[in-house]
Amino acid sequence: LLSSLFVLPAMYVVNDKIATRKNTEKTAKTPGLDLPILEKTGNAMKKRSVSIAVLAVFTLLTGFFVYTSMHAEFEADMLKIEPADMPSVLTHHEILQNFEINPDFAMVTTDTFNKSRKISDRLKNNRLVGMVDSITQYLPSTDEQKKRKPLIEKIRQNAERYLDMNIQGGMPTGAIADIPEYLTKSSVSNDELNLFIDELDRLQMNVEEIGQIAFMGMQNRLRRYCDKLTGGKDKSKSEILALKKEFKNNSEIRESIAEWQQNYIPFLAQNLVDMSDTETITVKTLPKNIIDQYMNKNGDNLVTIYAAVDLWNGNKMKLFQKATSAVSKNVTGTVILMDRLITLIGSKGLEATLFSLLAVFIILLIDFKNLWQALFATVPLIVGFIWMIGIFVFLGFKFDVANVTAIPLILGIGIDDAVHIMHGIKREGVNRLGLIYKQTGRALILTSITTGVAFGSIAFAHHRGLAGMGILLFIGVISCLLASLFVLPAIISLFFNKRVNKAEE
């Protein structure tokens, strides 16, 4: 506004001074956009029959768009606002599909392990909950550890049997120890080789799933390493599948596998023996990285609750919140925050729109110094606003946290056209609508089209939320232009011509 008031006129003055000093003749002005139809339209709008027809059409369309606006829906799923092919969005859907775990989660902190354990126990059988992540997974209760101790000891004993299988001497009882078959094999059979090759496919899928879980847990280093093994999105770069191909094409690989097996099984057995420790697990025996992941310096520990379903479909979000709130009143997380945000947008967004409309009306009242004229200028804005919402919903779009910001914007943009038309009528009178349309109407069309195109260009954004905002603003600008050009003159011409003339006097 300031540059239009000061910079542009100054540029014209300077240009004129330069041209005068050079004694050059001024060139003919470049003709502007000539739209003869505007003057004809303005003259037609003075006719009572035309104004009645225009109001009838606009009334029917406005009623229809009021009806469609009542069916407006709000898109709560933030993923549907992001670009559809964004890696995080694709991975989110893969995790939900493959693991029945929704990366959107709820969180709660407790001050004792028993409280965390109770929350986990209460939620683990809920069909809406896919996983409960808590330090209690690494810290079983004392009773649970006592029950597991005999099983762990049995695992340890079985593993110890494989640590010294090369002994073939007589037993104290005179019996001979059985030598495992894998120690006597010089090569594996074709069936065993094929089974081993098939297991590489299983390994490929397992590592892919580990990578997806690592993404969900923000373990970026682990995710990158998994992608290196599996090839990520490009399976041709998979090291596992490359190994499978090498095994298929190498006829001598069976001997190498037999030798590898003889060396690996004792190594695996030793690991099992080391892991089969029956010592009681306490917080002090847990690794530091686990403690840091779940506990703060005050001793509070974190419980993370992952949903098993798509929370953004139907009323599952409300049900999930109800289930988590039942175990603690202090539940928070992305699910809770999004629900609060949507509620605030619905209530506070409406308040902001009404306050904006009130502010616009007060400014119009100060400008026109007449209540009726201020009301007349507001009508096209309200009609255009209804059309914007109705057309947007009719085209199948939903409102979301991105495009809903366009609603207050259109109040400031859409009122411009009505103000100029109202000033033209106030200055020239309704009987000179042809001249008003020819002069003011041309400027309004140019400014509205350029503004609409500028906003409409956002519709090509890869981000679906921004694209929806561009579409909504384009519809709003054009709707307010049409309402200003047709609804406002028709209403004044039919019902309030004398009132405007009286205000002029």
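I call a residue buried under 20% relative accessible area, exposed over 50%, and partly exposed in between, with a 1.4 Å probe and protein chains only.

**Ground rules.** This is a predicted model, where local features need pLDDT of at least 70 and side-chain atom pairs count only at pLDDT 80 or more, while totals for chains, interfaces and linings use all residues. Residues are numbered from 1 along each chain as its sequence is written, and side-chain values use heavy atoms, with hydrogens and water left out.

**Entry: glutamate 75.** I asked: is glutamate 75 buried or exposed? Glutamate 75 has a relative accessible area of 12%, so I logged it as buried. I found it in the loop between α3 (48–69) and α4 (87–99). My helices (H or I, at least four residues) and strands (E, at least two) are DSSP runs, numbered from the N terminus. Next I checked the neighbours, taking contact as heavy atoms within 4.5 Å. Leaving out residues up to four places away in sequence, glutamate 75 touches Lys80, Lys398, Phe399 and Asp400.

**Entry: helix α5.** Which residues of α5 (residues 113–123) are buried? I got Ser116, Arg117, Ile119, Ser120 and Leu123. Seen down the axis of α5, these buried residues fall within an arc of 160°, so they line one face of the helix; the arc is that of the directions from the helix axis to the C-beta atoms. On the face of α5 turned away from the buried side I see exposed Asn114, Lys118 and Arg122. The cover over the buried residues of α5 includes β1 (102–110), β2 (129–133), α6, β3 (301–307) and α13 (316–325).

**Entry: isoleucine 119.** I then zoomed in on isoleucine 119, which lies in α5. Isoleucine 119 counts as buried at 6% relative accessibility. Not counting residues up to four places away in sequence, isoleucine 119 touches Val108, Thr110, Val303 and Val327.

**Entry: α6 against α11.** The axes of α6 (residues 142–160) and α11 (residues 253–275) come within 8 Å and cross at roughly 155°. That makes α6 roughly antiparallel to α11. For the labels, under 35 degrees is roughly parallel, over 145 roughly antiparallel, 65 to 115 roughly perpendicular, and the rest oblique. My axes are lines fitted to C-alpha atoms, for helices over the stretch in contact, and angles run from 0 to 180 degrees between N-to-C directions. On the α6 side I listed Arg156, Ala159 and Glu160, and on the α11 side Ala269, Leu272 and Val273.

**Entry: α15 against α16.** How far apart are the axes of α15 (residues 371–394) and α16 (residues 406–428)? I have them 8 Å apart, packed at an angle of about 140°. α15 and α16 are therefore oblique to each other. Among the α15 residues in this contact are Phe376, Leu381 and Phe385, and they meet a set in α16 including Ile410, Leu411 and Ile415.

**Entry: lysine 369.** Lysine 369 sits in the loop between α14 (334–368) and α15. I logged lysine 369 as exposed, with a relative accessible area of 70%. Most residues other than glycine have a negative phi.
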